[in-house]
Amino acid sequence: MSTTKKVLMLPGDGIGPEVMRQVLRVMDWMAKKRNVNFEITEGLIGGASIDAHNNPLTDETLADAMAADAVLLGAVGGPKWDNLPFEIKPERGLLKIRKEMGLFANLRPALVFDALVGASTLKEDVVKGLDIMILRELTGGIYFGQPRGIEERDGVRFGFNTLVYSEPEVERIARVAFDMAMKRNKRLCSVDKANVLESTVLWREVVERVATDFPEVEVSHMYVDNASMQLVRNPKQFDVMVTTNMFGDILSDCAAMLTGSLGMLPSASLGAADKNGARKALYEPVHGSAPDIAGQDIANPLATILSFAMMLRYSFDMGDDATMIETAVQNVLKGGLRTADIMQPGMAKVSTTVMGESLINELDKIA
Ligand code: IPM
Ligand code: MG
């Protein structure tokens with residue numbers, strides 16, 4: 001039996017298109033060997049869309065994204081567009097697609113691959129075997145709160161933003177976090193700043209209330225300053241962390257660096273489940289567009305390939321296939337192949353293309 005999955009590919013800017021090409025090979029392999037049909041369409045986002053349409057995300061692309069079963073995004077941004085007005089910067093395209101698709105739950109796993117444990121700046125025993133999941137609220141909080149702006153009041157300029165959360169907004173991300181904890185090690189740490197910010201006093205209250213529906217999950221609360229310290233001091237104390245949009249932005253970069261290999265980390269952004277259980281979803285690597293190395297065939301395609309694996313797991317209920325891709329990634333690394341960003345002494349440095357090819361060979365062996 002073969003089912004068709006509609007996937008919209010948004011390669012974006014910088015290294016986005018070249019890492020995306022390697023994912024296309026994996027999809028092609030899946031179509032041939034695993035009998036899944038992907039109906040692939042491509043669109044523009046970020047700087048690429050600004051160049052073509054003077055708009056980082058057009059209504060057409062947004063409509064395609066809404067109609068797709070899942071979206072895979074490369075990366076957006078670059079120096080070429082840095083000086084554009086705020087409203088049409090590449091990043092606005094990303095924020096708009098998240099908001100319009102209602103992708104409130106952002107999953108950012110930070111996983112240390114055994115073969116790469118030496119790549120972390122932290123001591124090996126602190127990070128070996130690390131596997132945490134950061135759940136970031138993605139469509140609310142200070143990123144979107146009103147009022148916002150820059151204005152002059154009595155001759156003095158003010159810049160301001162609003163940190164606001166409603167109970168339902170907190171509740172829905174909390175529920176995703178508890179569900180996630182139930183599927184993992186049943187520990188959830190909610191990160192807030194409830195000693196200073198009322199919005200997160202409410203956050204903490206709602207998390208406590210939702211917790212009563214999940215008696216098996218061990219819940220803790222941590223202030224964000226302490227959480228950032230604990231992440232570096234002893235990251236393995238965490239299983240699932242759930243937090244606000246901006247705290248999640250910051251903590252997930254910190255967690256990413258624990259692994260020493262930003263080029264390896266995938267992410268998923270999910271919307272609410274509809275009546276059939278389907279969710280709008282967008283998958284993207286955590287790394288950026290890396291304009292300094294774009295077009296040189298040296299970028300690491302693994303984060304985007306692992307994002308595709310997350311798509312299989314969370315959008316298409318193909319957990320076994322996702323695990324297969326993840327195992328293939330582990331094996332390629334064990335075999336000593338490295339792109340430049342994760343290069344270590346004694347290993348073989350390979351290009352983006354060769355990394356993609358080797359992954360396919362590995363998949364052939366496993367399947
Ligand atoms: C991220 C990025 C974005 C964010 C930027 C590019 C708008 O840092 O996905 O973490 O702040 O959400
Ligand atoms: Mg960020």
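1. A polar contact is a pair of N or O atoms within 3.5 Å; within protein, one atom must be able to donate a hydrogen and the other to accept it, and residues adjacent in sequence count only if both atoms are side-chain atoms. Arg-98 places a side-chain N or O atom 2.7 Å from an oxygen atom of ligand 1.

2. This is a predicted model, in which local features need pLDDT of at least 70 and side-chain atom pairs count only at pLDDT 80 or more, while totals for chains, interfaces and linings use all residues. Residues are numbered from 1 along each chain as its sequence is written, chains are lettered from A and ligands numbered from 1 in the order in which they are written, and side-chain values use heavy atoms, with hydrogens and water left out.

3. Two further side chains approach the ligand in this way. For Tyr-143, the distance from a side-chain N or O atom to an oxygen atom of ligand 1 is 2.6 Å; for Asp-249, a polar side-chain atom lies 2.9 Å from a ligand oxygen.

4. The shell around ligand 1 (residues with a heavy atom within 4 Å of it) consists of Glu-91, Arg-98, Arg-108, Arg-136, Tyr-143 and Asp-249. By class, the shell has 5 charged residues, 1 nonpolar and no polar; Asp, Glu, Lys and Arg count as charged, and Tyr is among those counted as nonpolar.

5. An automatic or database domain assignment divides the chain into domain 1 (1-112 + 260-367) and domain 2 (131-258). Both domains give residues to the shell around ligand 1, so the ligand lies between them. The C-alpha centres of the two domains are 25 Å apart.

6. Across the domain boundary, 22 residues of domain 1 are in contact (heavy atoms within 4.5 Å) with 21 residues of domain 2.
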